[in-house]
Amino acid sequence: MVTWDNYEEYIIMHADGELSPEEETALQAFIAVHPELKSELDAYSAVKLTPDTAVVFANKESLLKTAPAGRVIGFPQWRKYSIAAGVALLLGLSLYKWNATPSVTETVAKNDTVRQINNTLPTPTQNNITNATNPKIENAVTTNEIKPQPVITKQHNTTTAPMPHEATAHIAVKQNNATIASNHENTAVVRLAEQVDKLPIEENKMMAISAEPTQQNAATLAYTAVVEEPAKQQKSFLDQLPIDELKKQGIESMAAAVANTYQHINNLKHNLSGKTLTIQVEKRKLILSF
Amino acid sequence: MEQNDYNACVQEWADALFRFACKCTGQAADAHDVVQNSFEVLWQKRKEVQPGKAKAFLFQVAYRSSVDNYRKKARLSYDAPPEETYTPANPDLKKILDRALATLDEQSRALVLLKDYEGYRYDEIAQITDLTEAQVKVYLHRARKTLKDYLVSVENIL
């Protein structure tokens, strides 16, 4: 309700366009009753400012953005990203080095292992072969022990149901192959795989073995061929070196240590495969997938 | 808000913001800085500002910049803006109102400009200036009364 106490507030709100239709009607009714307020209403309506459209911002182009939003990077942020990129690069290079082809030293290490085993392996006529460092190898050797046929048969009869003689021998060979597959990087087992062919098994048993060569066995033999070839080269290379035997042994030890390290790194690489490494710098994340 | 929205804001609101800043600061150079700063802040906050709220955001930043700039310089008097145009129908009224506006403090002047230039409602002005709606109403009414009294007094002299 418009009164003498609040009419001025109503007039200002009228000038500002803030009155509701009902309030506007009430104000007009009050002014109609008091026409002397009409001049005051006009005065407040006159103090309405209007923008001068001739005044404009001269250089709007300087405000426009033309570069893609994501590429505007300040120098301090760039520096943070460069640190993260550097860390990622170091990790990447390290992994790349690990993934690279084995170096000459690593090849030497493998070949030395083969040579050492060649020296220690028994002749086919020996019966007792033990390898304390690898129980699987020991088992493999035990099953390959060259004994009279009845002994082999007895050994397998203790764990399997009675079966024909050929089948028993076949199982023994298959067991050897399985062990070889699981240890195909162990040269001792590779050598034993060759011994399988030298076993004095009856001709028909050999035929059974040859008729059903497993894929693992083929891969193992191929691996043996690959490993043995550089072994010969390495042997001649070491022999040509004008160093005494003690130093050669030292080199062999070093090579073995390097090979061991290589194996550890390989294991680490396998553990890392399929994993992701996340580096977070403030709100930015760098994700490395291996 | 994307880059295109931002550039559309520049085209649509840069002039109005500059006029507002000119009246608030009284200096075209200061107004230029205020406009540049306002759009820079909008660009930095573009992901948080909806296109429909960009104008209010710009005037909010410009209002704060203008008032801060004005207070920082501790101006004791308002310099009339150099750009003056006159409406042919009533050439003196515009000049008188500019002088009347110069008598207001920077906050009241900004409120009047937001109301008259941009047509914001009381509640919208309250959001832009971080005042309550009641405060906006009181300050604006006080400013209107000052402007009206100035206008009436000049008319009486003339």
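How many helices and strands are there in chain A? The views below are taken from a predicted model.

**View 1. Secondary structure of chain A.** Chain A contains 12 helices and 2 strands. In sequence order the pattern is α-α-α-α-α-α-α-α-α-α-α-α-β-β. Chain A has 290 residues, of which 16% count as buried.

**View 2. The packing of helices H1 and H2 of chain B.** Two packed helices are described by the angle between their axes and the distance between the axes. For H1 (residues 3-25) and H2 (residues 28-44) of chain B, the angle is about 145° and the axes are 8 Å apart. H1(B) and H2(B) form a right-handed crossing. On the H1(B) side, the contact is made by B:Tyr6, B:Cys9, B:Val10, B:Ala14, B:Leu17, B:Phe18, B:Ala21, B:Cys22 and B:Thr25. H2(B) contributes B:Ala28, B:Asp30, B:Ala31, B:Val34, B:Val35, B:Ser38, B:Phe39, B:Leu42 and B:Trp43. By class, the residues of this contact are 15 nonpolar, 2 polar and 1 charged.

**View 3. The side of chain B that touches chain A.** Here 33 residues of chain B are in contact with 22 residues of chain A. On the chain B side, two or more residues come from each of H1, H2, H4 (91-102), H5 (106-116) and H7 (133-157). H1(B) gives the largest share, 10 residues. The chain B side divides into 19 nonpolar, 6 polar and 8 charged residues.

**View 4. The largest nonpolar core.** In soluble globular proteins, nonpolar side chains tend to be buried together. The largest nonpolar core in this model has 55 residues. Those that touch the most other members are B:Leu17, B:Phe18, B:Ala21, B:Val35, B:Leu58, B:Ala62 and B:Leu111. Chain A takes part through its helix H1 (7-16), which supplies at least two residues of the core. At least two residues also come from each of H1, H2, H3 (54-73), H4, H5, H6 (122-129) and H7 of chain B. The largest share of the core, 12 residues, belongs to H1(B).

**View 5. The surroundings of B:Leu111.** B:Leu111 is among the core residues that touch the most other members. With neighbours within four places in sequence left aside, its contacts are B:Ile125, B:Thr129, B:Val136, B:Tyr139, B:Leu140 and B:Ala143.

Terms used. Residues are numbered from 1 along each chain as its sequence is written. Chains are lettered from A and ligands numbered from 1 in the order in which they are written. This is a predicted model: local features need pLDDT of at least 70, side-chain atom pairs count only at pLDDT 80 or more; totals for chains, interfaces and linings use all residues. Axes are lines fitted to C-alpha atoms, for helices over the stretch in contact, and angles run from 0 to 180 degrees between N-to-C directions. Helices (H or I, at least four residues) and strands (E, at least two) are DSSP runs, numbered from the N terminus. A crossing is left-handed if the near helix is turned anticlockwise from the far one by less than a right angle, and right-handed if clockwise. Two residues are in contact if their C-beta atoms, placed from the backbone, lie within 7 Å. Ala, Val, Leu, Ile, Met, Phe, Trp, Tyr, Cys and Pro count as nonpolar, Asp, Glu, Lys and Arg as charged, and the others, Gly among them, as polar. A residue is buried if 20 or more other C-beta atoms lie within 10 Å of its own, exposed if 12 or fewer, and partly exposed in between; C-beta atoms are placed from the backbone. A nonpolar core is a set of buried Ala, Val, Leu, Ile, Met, Phe, Trp, Tyr and Cys residues joined through C-beta atoms within 7 Å.
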